[in-house]
Amino acid sequence: MSTLYVDSIQPKTTGGNVTITNQANAGKLFQVQYTQYTSTTTVSISANTDTVISVLTVNITPKSTSSIIRLDTHIFHEWANAAAPTESAWFFYRDSTKLAAAAASNRRSGISVSTISNSGDAGSTPEIAFYSYFDAPNTTSQITYKVGVNNYYTNNLVINRTINDTDQNQAERGISFISATEIGG
């Protein structure tokens with residue numbers, strides 16, 4: 001590390017300003033908080049309704065109002081309706097605020113969709129959703145981030161297992177998580 005010593009700094013042009021900002025924390029990783037969910041659960045989804053996946057929440061208290069929070073999630077799941085993966089929109093909540101693409105008329109808005117593994121199977125072939133989002137909450141108060149989903153159909157969503165969940169090697173199980181990483185701004 002070097003030290004720069006000067007007696008004065010002058011702007012390049014007359015009437016200009018010299019601005020010096022402290023970027024010492026910019027880009028630094030301050031903290032990572034996460035919830036890794038290893039059990040299984042069923043979530044009832046009402047058609048066209050934003051729904052919180054309550055087992056996938058994480059709390060973080062930013063150290064600076066200029067911090068950026070990177071959110072990541074991986075959801076191992078299966079929809080009870082084989083058509084549901086193509087009609088899903090996954091997103092995050094910051095407390096009660098939905099973090100997603102801007103609403104556009106009657107379109108479903110989110111960050112990502114379920115990845116289809118076998119469009120004809122709603123029983124023994126799971127889907128995943130993996131997505132990220134950068135949030136600038138401008139606070140040093142605790143924030144609760146949650147995973148949310150909206151689907152065209154009223155149906156059940158199972159987390160970390162398949163719908164049938166039979167004890168055989170064609171019925172997979174997995175793990176889901178949500179993480180919040182604070183990055184200095």
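R70 is partly exposed, with a relative accessible area of 32%; this class lies between buried, under 20% relative accessible area, and exposed, over 50%, as judged with a 1.4 Å probe and protein chains only. R70 forms a salt bridge with D72, and the closest N and O atoms of the two residues are 3.0 Å apart. The term salt bridge denotes a side-chain nitrogen of Lys or Arg within 4 Å of a carboxyl oxygen of Asp or Glu. D72, at 10% relative accessibility, counts as buried.

The model is predicted, so local features need pLDDT of at least 70 and side-chain atom pairs count only at pLDDT 80 or more, while totals for chains, interfaces and linings use all residues. Residues are numbered from 1 along each chain as its sequence is written, and side-chain values use heavy atoms, with hydrogens and water left out.

Side chains of opposite charge can pair when their charged atoms come close. Across the whole structure, a search finds four salt bridges. One of them joins D50 to K98, with the closest N and O atoms 3.3 Å apart. This pair links distant parts of the chain, since D50 lies in the loop between β2 and β3 and K98 in strand β6, 48 residues apart. Strands here are DSSP runs of E with at least two residues, helices are runs of H or I with at least four, and both are numbered from the N terminus. Both partners are partly exposed: D50 has a relative accessible area of 32%, and K98 has 28%. A further salt bridge connects R173 with D165, where the closest N and O atoms are 2.6 Å apart. R173 is exposed at 53% relative accessible area, whereas D165 is partly exposed at 25%.

The side chain of S109 reaches the backbone oxygen of A101 at 3.4 Å. Such a polar contact is a pair of N or O atoms within 3.5 Å; within protein, one must be able to donate a hydrogen and the other to accept it, and residues adjacent in sequence count only if both atoms are side-chain atoms. S109 is buried, with a relative accessible area of 13%. S105 is placed in the loop between β6 and β7 as well, but S105 is exposed, with a relative accessible area of 68%.

The backbone of S105 deserves attention. Most residues other than glycine have a negative phi, and most peptide bonds are trans. S105 has a positive phi of about 60 degrees although it is not a glycine. N48, likewise not a glycine, has a positive phi of about 55 degrees. N48 lies in the loop between β2 and β3 and counts as partly exposed at 46% relative accessibility.

The interior comes next. In soluble globular proteins, nonpolar side chains tend to be buried together. The largest nonpolar core has 25 residues, of which I53, I75, W90, Y145, V147 and L157 touch the most other members. At least two residues of this core come from each of β2 (41-45), β3 (51-60), β4 (68-79), β5 (88-94), β7 (127-135), β8 (143-151), β9 (155-159) and β10 (176-183). A nonpolar core is a set of buried Ala, Val, Leu, Ile, Met, Phe, Trp, Tyr and Cys residues joined through side-chain atoms within 4.5 Å. The contacts of L157, not counting residues up to four places away in sequence, include I53, W90 and V149.

T73 is found in strand β4 and, at 0% relative accessibility, counts as buried. The side chain of T73 reaches the backbone oxygen of F177 at 2.6 Å. Beyond residues up to four places away in sequence, T73 touches F92, A129, F130, Y131, V147, F177 and I178.

The account ends with the segment before β1. P11 is found there and is partly exposed, with a relative accessible area of 29%. Residues up to four places away in sequence not being counted, P11 touches G16, N17 and V18. P11 and T125 are 114 residues apart in sequence and 65 Å apart in space, C-alpha to C-alpha. I9 is found in the segment before β1 (29-37) and counts as partly exposed at 48% relative accessibility.

How values were computed. Contact means heavy atoms within 4.5 Å.
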